[in-house]
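Hi there,

Here is the structure I promised to pass on. Have a look at it first, and my notes follow below.

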Amino acid sequence: MIQHLDVDGVPTLLAPTGGPMRAGLTFRVGTADETLSRAGITHLIEHLALAPLGLADYHVNGVTAPAFTMFHTQGSEADIAAFMTAVCGHLSDLPVARLDVEKDILRTEWSSRGAAAIDDIPLWRHGARDFGLSSYPEWGLGALTADHLREWAARSFTRENAVLWIAGDRVPAGLRLALPSGVRQPVPAVSSALPQTPAYFVNGARAVVLDSVVRRSTAAAVFSGVLERELYRSLRQESGLSYTTTTGYEPRGDGYATLRALADALAEKQDAVLGGFVDVLAKLRVGRIEQADLDATIAKREDVLGTAEVDAARLPGYALNVLTGEPNLSIDEHRAELKAVSLADLRQVAGEVTSSALLMVPGGLRADWAGFVAAPTHSSDTVDGTTYAAKQGAGALRIGVDGVTYLGTDGPLTVRYADCSAMLAWPDGARQLIGSDAIVLQVEPTMFNLHPAALPVIDAQVPADRHIAMPARTPDSIPQPSAAEKPAATPADRPWWEIAAIVVSGVAVLLAGAVSLLLTYVMVAAGTEPGEEWLWGVVVAGWLLTVILALPIVLLWRRRRG
């Protein structure tokens, strides 16, 4: 049984354990609370709170997730008391002297982590905001100051926004949670970058991955287990197409949960795995679910509920439910809900899974044949503004007062300044605008015939708090137009006075040429009287003037043609 206590104003959960004592302090703040231009602030605070502890003789760690941050430890009562007391002290008075060191550690951590098949799914579903931020690097680290961290800690790492859980028979003596007062933070509103579902996107990973959003329920958790059994049987046992078939069910804290499934594949079997995966989903959606699979999944969960450590194992999830206001069931209530799950319930969940599905398919494959629409990779609108042609190829960049559009052959890419989650800025002038819908627009001055005033317009219009300074690039990493292809040019690429000069020169050439032609005709037709030879000098001068006036037209035209 889980007891509800209070330690220094922090809600505390206590459950018995037959093993060593362990404890965790969970806060309702995570990466989903951040913005892209400040991404990494929560993780950095987590590191700073742990850094002064050095090399501990007992297990300590921290984790920053989309909806929560947790510090946890295992050891003796004295160890746990010392750890929790120290962490709270550091959160209240951040050791900012280590700020630059911890920033470097976090950058190293990001650069050395391996890519996972599901890493890109959050940004495809949510965009470059809230729950989609876990797909992006921690670009905000460079600009974060001690004041930024103190402000974030005072808002998020407070007594009211925390829950302490302890697997043991008592609260360790001497444990103190010296946290500032604050307010409980709600789970961030969840955004969507998908105009419609079910949808799919293409990824280079050699796996098919399903991501769905379902109402949080015992039936949905059971469905996850049933789906895993069916995928294993169909794709591994019967057809031998996959080695790994797995599913996961994770409550989000807002009454919904994320349900994911994965099946890996050899390169030559990817299309077969995709087809088999879709067949399994269709089978469950129409209600072809085996009672034996339901019974086996429920029995497995009931076995877990019958273990002596069940309450201690439930503590981290139980604490998160307290923080998010989600209900916590007793063991008996869990058993009752499990027994009540029916095949009809699972079919209903299968419908939710399909209707909200986002399917990741391997490169070169599609899923529109199965009723999935392609997730958008281009924008549906463009901005008004000045258009600058690419120095190579057929693309163009349009810069306006409310945004930027890249006009490419595959479709436009548009990021409006007000909807720009972040702008990466390099010293060589390159800019990368990332829209909240995850559209990425690269502005490379070396690749477009940009007016000198174009970049300052972008810099001024994107809100200053969304600028992210990037380190200088090496010369060979800055793109350059190919020497084999001449730059494209349009009238909009050159100053206005060139067009005016061409027009004026053209009019002058026409007038001078017409007068010269008339004089030539008169002289030839009428002949030359003695003493009038000088008139031929006038004719020659007229034609010479015509040639001189035509020179600016020729030179400017050659300049505009590149």
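Does Phe-448 count as buried or exposed? This is a predicted model, and in it Phe-448 has a relative accessibility of 7%, under the 20% cut-off, so this residue counts as buried.

The partner of Phe-448 is Tyr-406: their ring centres lie 6.2 Å apart with the planes at 80°, so the two are edge-to-face. Tyr-406 sits in strand S15 (residues 403–408), while Phe-448 is in the loop between strand S19 (440–443) and helix H12 (454–461), so the pair ties together parts 42 residues apart in sequence. Tyr-406 itself is partly exposed, at 26% relative accessible area.

There are five aromatic pairs in the structure. Another of them joins Phe-27 and Phe-71, with centres 6.2 Å apart and planes at 85°, so this pair is edge-to-face too. It links strand S3 (residues 22–27), which holds Phe-27, to strand S5 (residues 69–74), which holds Phe-71, across 44 residues. Phe-27 has 0% relative accessibility and counts as buried, and Phe-71 is buried with 0% as well. Ring pairs also bring in Phe-157, giving a cluster of Phe-27, Phe-71 and Phe-157.

Now for the chain as a whole. The protein chain contains 14 helices and 20 strands, and 45% of its 562 residues are buried. Its radius of gyration is 34 Å, whereas a compact globule of 562 residues would be near 24 Å. The C-alpha atoms fill a box of roughly 130 × 60 × 35 Å along the principal axes.

Enjoy exploring it!

Best wishes

Terms used: Residues are numbered from 1 along each chain as its sequence is written. This is a predicted model: local features need pLDDT of at least 70, side-chain atom pairs count only at pLDDT 80 or more; totals for chains, interfaces and linings use all residues. Side-chain values use heavy atoms; hydrogens and water are left out. Helices (H or I, at least four residues) and strands (E, at least two) are DSSP runs, numbered from the N terminus. The radius of gyration is taken over C-alpha atoms; the globule rule is 2.2 Å times the number of residues to the power 0.38. Buried means under 20% relative accessible area, exposed over 50%, partly exposed in between (1.4 Å probe, protein chains only). Rings of Phe, Tyr and Trp (its six-membered ring) pair if their centres lie within 6.5 Å; planes under 30 degrees apart count as stacked, over 60 as edge-to-face and the rest as tilted.
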